[in-house]
Amino acid sequence: MERKEKDHLNLVVIGHVDSGKSTTTGHLIYKLGGIDERTLAKLEEKALELNKASFKYAFVLDNLKAEQERGITINCALRQFDTPSRSYTIIDAPGHKDFIKNMITGTSQADAAVLIIAAKKGEFEDGFSREGSTKDHALLAYTMGIKQAIVAINKMDTIDYDEERFNEIVENVSDHLGKIGYKKGNVKYIPISGFDGDNMMEQSENLPWFKGPTLTEALDEFKVPKRPIKKPLRIPIQDVYKIAGIGTVPVGRVETGVLKRGMEVQFTTGATSEVKSLEAHHNKLEEAEPGLNVGFNVRLEAKEIKAGHVCGDAKNDPPKNAESFIAQVIVMNHPGHIKAGYQPVLDIHTAHVATKFKTLLSKNEARTGKLIEEAPKFLKNGESGIVELVPTKPLCVEEFSKYAALGRFVIRDMKRTVAVGVIQEVIHKKETKK
Ligand code: GDP
């Protein structure tokens with residue numbers, strides 16, 4: 001399998017509505033994806049029939065999405081595309097309603113972000129200058145550990161490929177990304193037309209003044225994150241399928257360690273099983289390394305396993321539920337004050353569990369951790385503190401320093417992101433009773 005040997009990256013595509021996320025990603029999948037010619041021809045025909053030729057690329061993506069939703073395909077290969085040196089998965093289909101929630105679940109753990117910004121007069125101003133969601137998403141991406149990004153300034157065709165306008169947008173966006181924490185060297189700005197194809201795969205003649213890489217070249221310049229293969233296994237479960245003739249197939253992304261056929265796995269419920277088989281991208285595998293979304297067949301009842309459970313190696317530090325945990329939280333957007341007793345839903349890996357703020361231990365400076373106040377009465381917007389949290393239902397969390405993907409969370413309340421957190425210490429029950 002050629003794909004297995006290539007470096008693989010998960011990308012998340014961020015941007016204001018109508019900035020061109022579907023068009024641009026559709027274009028990449030269309031040109032570089034593993035879709036066969038016949039499917040493409042059919043989709044193209046259909047788009048023409050519906051008089052939607054102008055939507056060709058977005059249409060491809062929409063149709064693929066619909067097909068994925070209908071089917072029971074595990075981790076659809078249709079969101080994949082390959083360059084000669086890499087394979088990419090677009091996680092979280094653009095335009096998804098609950099992007100933030102998705103972003104913190106295992107499915108949406110991205111290695112890098114592509115931020116699409118429309119250069120068109122008025123559109124950039126609408127999408128970015130005001131309190132658009134783009135800024136929130138960029139902040140969240142950074143908080144969740146996505147430190148490298150491409151900013152594609154899209155729809156250059158609508159502004160006559162104007163260099164000055166491009167520079168003005170870059171200045172604005174880079175100023176903001178800098179404030180969030182993005183280092184200059186980790187963000188690339190590229191003028192493109194996701195629709196016409198300028199600077200997508202080939203240097204555009206319409207943009208002779210731009211000396212940087214094309215979008216695909218820039219993707220290939222992303223650093224491949226180190227895969228934590230030496231750590232004990234952790235797979236937060238996204239979903240569980242019951243497949244006729246096969247049996248129970250939990251699905252999730254391997255965060256750390258290596259899942260192997262024949263291995264004895266253990267779930268946070270305490271249930272154990274041999275792994276009978278595993279597959280990803282419709283290929284049977286002997287083992288799966290971090291970053292891969294796998295489905296694996298176990299000898300357990302499907303109802304014994306649920307989304308939010310975590311799977312590990314029964315013989316090497318199997319995952320356990322936490323009694324409580326200590327975390328640093330940063331309050332981003334809470335209408336009032338966060339006090340002890342507050343019990344919002346916490347989104348962590350693939351779990352969503354009501355969790356209580358038991359004690360506010362201290363108030364600290366967000367960046368440096370410097371102590372401001374011990375045992376504060378409350379924490380409000382812009383403030384950061386160390387707190388003890390108690391989940392109201394069985395929940396597996398880990399220290400961020402050991403298992404990053406299981407050690408950071410988002411608190412959503414009243415449909416907004418109220419706070420984000422990083423776990424410093426986990427307190428386990430002495431005896432786990434089921
Ligand atoms: P999304 O909401 O961010 O996914 O945006 P879409 O991809 O659906 O695009 C929104 C609209 O902008 C559609 O009408 C696209 O055809 C159009 N569009 C997208 N990219 C370009 C581009 O590069 N140039 C022009 N002129 N239009 C574009």
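This report covers the ligand site, the salt bridges and several strands of a predicted model.

Residues are numbered from 1 along each chain as its sequence is written. In this predicted model, local features need pLDDT of at least 70, side-chain atom pairs count only at pLDDT 80 or more, totals for chains, interfaces and linings use all residues, and side-chain values use heavy atoms, with hydrogens and water left out.

## Ligand site

The ligand is surrounded by 17 residues. The closest are Asp18, Lys21, Ser22, Thr23 and Asp157. By class, the shell holds three nonpolar, 10 polar and four charged residues. Here Ala, Val, Leu, Ile, Met, Phe, Trp, Tyr, Cys and Pro count as nonpolar, Asp, Glu, Lys and Arg as charged, and the others, Gly among them, as polar. Helix H2 (residues 21-32) gives the most to this shell, with three residues. Helices (H or I, at least four residues) and strands (E, at least two) are DSSP runs, numbered from the N terminus.

## Salt bridges

The count comes to 17 salt bridges. Each is a side-chain nitrogen of Lys or Arg within 4 Å of a carboxyl oxygen of Asp or Glu. Three of them are listed here.

| Pair | N to O distance |
|---|---|
| Arginine 227 and aspartate 111 | 3.6 Å |
| Arginine 261 and glutamate 286 | 3.0 Å |
| Lysine 363 and glutamate 373 | 3.7 Å |

Take the pair of arginine 227 and aspartate 111. Arginine 227 lies in the loop between helix H9 (215-221) and strand S7 (235-243), and aspartate 111 in the loop between helix H5 (99-104) and strand S4 (112-118), so the pair ties together parts that are 116 residues apart in sequence. Arginine 227 is partly exposed, at 23% relative accessible area. Aspartate 111 is buried, at 11%. Buried means under 20% relative accessible area, exposed over 50%, and partly exposed in between (1.4 Å probe, protein chains only).

Next come arginine 261 and glutamate 286. Arginine 261 sits in the loop between strands S9 (259-260) and S10 (264-267), and glutamate 286 in the loop between strands S12 (283-285) and S13 (287-288), so this pair links parts 25 residues apart in sequence. Arginine 261 is partly exposed at 45% relative accessibility.

Glutamate 373 and lysine 363 form a salt bridge between strands. Glutamate 373 belongs to strand S19 (residues 371-374) and lysine 363 to strand S18 (residues 351-364), so the pair ties together parts that are 10 residues apart in sequence. Glutamate 373 is partly exposed at 33%. Lysine 363 is buried at 13%. Both residues belong to a salt-bridge network that links Lys363, Glu373, Lys380 and Glu383.

Strands pair if DSSP finds at least two bridges between them. Strand S1 (residues 7-15) runs parallel to S4 over five bridges. Valine 13 stands opposite valine 114 in S4. Strand S5 (residues 149-154) is also parallel to S4, joined by six bridges. Leucine 115 has valine 151 of S5 as its bridge partner.

Five of the six residues of strand S21 (residues 408-413) are buried. S17 pairs with S21 in the antiparallel sense over four bridges. Valine 345 stands opposite arginine 412 in S21. S21 also pairs with strand S22 (residues 416-428), antiparallel over six bridges. There, aspartate 413 has arginine 416 of S22 as its bridge partner. The hairpin of S21 and S22 has two residues between the strands, and methionine 414 takes a positive phi near 50°.

How values were computed:
Near = heavy atom within 4 Å.
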